[in-house]
Amino acid sequence: MNLNIGVIKGDGIGPEIVTEAMKVLDKTGEIYGFRCTYEQLLMGGASIDVHGVPLTDETIARAKASDAVLMGSIGGDAKTSPWYQLEPSKRPEAGLLKIRKALNLFANLRPAVLYEELAAACPLKEEITEGGFDLMIMRELTGGLYFGERKTVEEEGVRTAYDSLTYNENEIRRIAVRAFDIAMKRRKKVTSVDKANVLDSSRLWRKVVEEVAADYPEVTLEHMLVDNCAMQLVRDPKQFDVILTENMFGDILSDEASMVTGSIGMLASASLNETKFGLYEPSGGSAPDIAGKGIANPIATILSAAMMLRFSFDLDKAADAIEAAVSQVLKDGYRTGDIMSEGCTKVGTAQMGDLICERIH
């Protein structure tokens with residue numbers, strides 16, 4: 001089986017961490033009978049340096065021709081990088097919104113997993129996190145406030161800004177179906193998060209989610225207002241299985257969930273369209289301050305590659321093997337600097353990749 005993978009190494013630590021993920025994919029393929037063919041693509045600051053724009057139409061076309069895309073981190077230091085002297089539409093991060101829209105990547109999956117071995121890094125009380133937790137945030141990615149009409153005008157001498165929050169029932173239904181499908185593979189619970197006590201868009205969201213839930217009698221559905229959900233994530237994260245929500249709420253809640261795990265360097269993500277195609281990337285940023293030093297944590301990118309095997313290629317056993325290898329490395333006491341604790345062995349980016357490869361069975 002040949003997997004045609006587009007690779008966007010990106011900026012900052014991106015090339016380092018993606019290289020390790022590719023190393024792990026190749027080792028897993030040797031054992032589980034698949035081969036990865038990689039096509040290097042440019043996006044973000046790396047694309048600006050070559051093409052003058054963060055994402056070209058050619059890169060979009062080549063990404064569409066791939067079976068899936070593995071991506072590193074995009075962007076640089078906003079204070080010092082010349083990329084941020086450009087107008088906003090030509091800065092590195094503009095490529096992210098463009099590629100999501102162009103590839104119709106409407107479903108963003110952000111797992112938040114607290115490994116028992118990393119419990120000391122979690123900022124929550126030990127009695128809350130004992131035994132760890134495992135939740136998935138399903139965020140709608142191509143609609144809502146971020147993609148609505150916007151303008152800034154002067155009205156009667158006062159500057160006034162407008163942003164439109166719009167969802168239609170089809171956009172809500174397709175993300176809800178994805179959330180319930182994934183819940184069926186997990187613990188069969190969906191928490192739909194909205195602001196239905198205030199927003200019309202949330203009231204429609206809630207109604208459509210309930211319609212979808214009728215087709216999944218095995219899955220328990222609960223509704224939760226977004227402000228309550230933000231509180232519950234730090235009060236008792238173990239209560240959640242799949243959190244389903246719209247674009248802006250999901251942006252905020254997924255970052256909150258990432259921090260209660262102790263390190264954003266551990267968190268993978270996937271963005272899917274209506275087919276098996278997906279874009280897989282770590283949740284963290286490009287960390288330009290440590291780029292090139294060989295100390296970045298590659299685990300989030302490696303776990304993103306495991307998600308790619310699971311969701312784009314249905315290679316569940318191979319994905320399980322990567323996740324088990326990551327868990328074993330942590331049990332064996334190896335840590336990069338961001339997750340280092342007393343009594344453990346500190347390793348660099350490439351060594352962490354090697355250690356994970358050695359434990360893939």
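**Aromatic pairs.** I looked up ring pairs in this predicted model and found 2 aromatic pairs. In one of them, the ring centres of Y167 and W205 are 5.6 Å apart. Their planes stand at 70 degrees, so I logged this pair as edge-to-face. The two partners come from distant parts of the chain, 38 residues apart. Y167 is in the loop between β7 (158–163) and α6 (169–184), while W205 is in helix α7 (residues 200–213). I checked burial next: Y167 and W205 are both buried.

**Charges over rings.** I then looked for charged side chains above aromatic rings. R174 lies over the face of F106, with 4.2 Å to the ring centre. K151 has its charged end over the ring of Y162, 5.3 Å from the centre.

**Cysteines.** How many disulfides are there? I get a count of 0. For C36, the closest cysteine sulfur belongs to C357 and is 12 Å away, which is too far for a bond. The cut-off is 2.5 Å between sulfur atoms. C122 is in no disulfide either; its nearest cysteine sulfur, in C229, is at 16 Å. I also noted accessibility: C36 is buried at a relative accessible area of 10%, and C122 is buried at 7%.

**E87.** I placed E87 in the loop between β3 (68–73) and α4 (94–102).

Notes: Residues are numbered from 1 along each chain as its sequence is written. This is a predicted model: local features need pLDDT of at least 70, side-chain atom pairs count only at pLDDT 80 or more; totals for chains, interfaces and linings use all residues. Side-chain values use heavy atoms; hydrogens and water are left out. Buried means under 20% relative accessible area, exposed over 50%, partly exposed in between (1.4 Å probe, protein chains only). Helices (H or I, at least four residues) and strands (E, at least two) are DSSP runs, numbered from the N terminus. Rings of Phe, Tyr and Trp (its six-membered ring) pair if their centres lie within 6.5 Å; planes under 30 degrees apart count as stacked, over 60 as edge-to-face and the rest as tilted. A charge sits over a ring if NZ of Lys or CZ of Arg is within 6 Å of the ring centre and within 35 degrees of the ring normal.
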